[in-house]
Amino acid sequence: MKTVTNLLTIFILIIVFCFCSEDNDQNDFKSSTFAIYDGKGWSDGVTAFVEFLKWKKISYQKISPSYINNTKLLDNFKAIYFPGGDADDYVAELTKGGIDNIRNFVNSGGGYIGICAGAEFASDVLIWNGVSIEYPLKLFHGQAIGPYDEIARYPVYDMTMVTLNSENIINKNEPAERSVLYFGGTSFHPYDNSSINIIATYNELNNLPAAINFNYGNGKVVLIGPHPEIDEESDRDNSSEISGLTDGADGSDWPWLSSVIDWILN
């Protein structure tokens, strides 16, 4: 009888612990600055961005597609990050309600940063190797176009030089140019009625926009074609796929990405 009682006590403690853990997770969500999309995105892009946020001392939580589909994000976060990967996966993983939750989050004052596929996902249309793909989120009223064999034939990656727009406040303390990882990224082409600011342009593509920022309702959006979250100068980003490259004389892109995040978070 004593053994049965002890087993019952242990069982109850396990149940209580599980419920407490769930509550703690929810409390953690509410104290986090950044939400990081944790679906089928490029794992190195997620890992590197996490390490960047740690370096910048910004709190974060990885959130699942299911969480986005069922949660009002503004209750828990100030900004959301969508990594590289395949934007088609994001569409497949998110319901219409999830898409609406992201759009409402930004419109109500949240921030959105999309890099590579995360930027394509936020665009009205992606032109990929000449094929037009329409996406539902539509934060950016325009087209994302790529990839560009002139830089590197996808899925090959390489470094590319971008010129930073000195008139954009994000680049206030930045050099004139930066060397950034290119891995099948796009350029950005707004429709005539779309108001955007150019952050950077591709030197090898006759100054096509490589990164843009704009307001969406009460929120802020940054879309970047190349990958400043990857730090070629060291292993501090914990990325495993990218190797044999260097940022060059301008050094790590993290200070530039830091200025981007400062603008998003105001």
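## Helix α7

Helices (H or I, at least four residues) and strands (E, at least two) are DSSP runs, numbered from the N terminus. The buried residues of α7 are W254, W256, L257, S258, V260, I261, W263 and I264, where buried means under 20% relative accessible area, exposed over 50% and partly exposed in between (1.4 Å probe, protein chains only). Just after α7, N266 takes a positive phi of about 60°.

## Basis of the model

This is a predicted model, in which local features need pLDDT of at least 70 and side-chain atom pairs count only at pLDDT 80 or more, while totals for chains, interfaces and linings use all residues. Residues are numbered from 1 along each chain as its sequence is written, and side-chain values use heavy atoms, with hydrogens and water left out.

## The chain as a whole

The protein chain has seven helices and 13 strands, and buried residues make up 51% of its 266 residues. Among contacts (heavy atoms within 4.5 Å) between residues at least 6 apart in sequence, 69% join residues at least 24 apart. The accessible surface of the chain comes to about 12500 Å², of which 51% belongs to carbon and sulfur atoms; accessible areas come from the Shrake-Rupley method with a 1.4 Å probe, and for residues only the protein chains shown count as cover.

## Nonpolar cores

A nonpolar core is here a set of buried Ala, Val, Leu, Ile, Met, Phe, Trp, Tyr and Cys residues joined through side-chain atoms within 4.5 Å. The largest has 36 residues, and those with the most contacts inside it are F34, F49 and I113. Helix α7 (residues 254-265) gives the most to this core, with seven residues. A second, separate core of 34 residues includes Y37, Y90, L94 and F121.

Residues up to four places away in sequence not being counted, I113 touches F34, F49, I80, Y81, F82, V222, I224, L257, V260, I261 and I264.

## The nine-stranded sheet

Nine strands form an open sheet of mixed pairing, in the order β2-β1-β3-β4-β13-β12-β11-β8-β9; two strands pair if DSSP finds at least two bridges between them. The edge strands, each pairing on one side only, are β2 (60-63) and β9 (177-182). Neighbouring strands of this sheet are turned by 20° against each other on average, direction ignored; axes are lines fitted to C-alpha atoms, for helices over the stretch in contact, and angles run from 0 to 180 degrees between N-to-C directions.

Within the sheet, β13 (residues 219-224) pairs with β12 (residues 208-216) in the antiparallel sense over six bridges, whereas five bridges join β13 to β4 in parallel. V222 of β13 is the bridge partner of I113 and also of N213, while Y216 stands opposite G219. The hairpin formed by β12 and β13 has two residues between its strands, and G217 in the turn has a positive phi of about 60°. Six of the six residues of β13 are buried, so this strand is largely enclosed by the rest of the structure.

## Helices α2 and α5

Helix α5 (residues 96-107) lies across β3 (79-82), β4 (111-115), β12 and β13, running at about 115° to β13. Helix α2 (residues 43-56) has 14 residues and reaches 20 Å from its first C-alpha to its last, close to the 20 Å expected. The buried residues of α2 are D44, G45, V46, A48, F49, V50, E51, F52 and L53, and what covers them includes β1 (34-37), β2, β3, β4 and α7. K57, which follows α2, has a positive phi, near 60°.

S179 is found in strand β9 and is buried, with a relative accessible area of 7%. Leaving aside its neighbours within four places in sequence, S179 is in contact with M159, T160, M161, T246, D247, D250 and D253.

S123 is found in strand β5 (residues 123-128) and, at 0% relative accessibility, counts as buried. With residues up to four places away in sequence not counted, S123 touches Y135, K138, F140, G142, A144 and L223.

Methods
Expected span 1.5 Å × (residues − 1).
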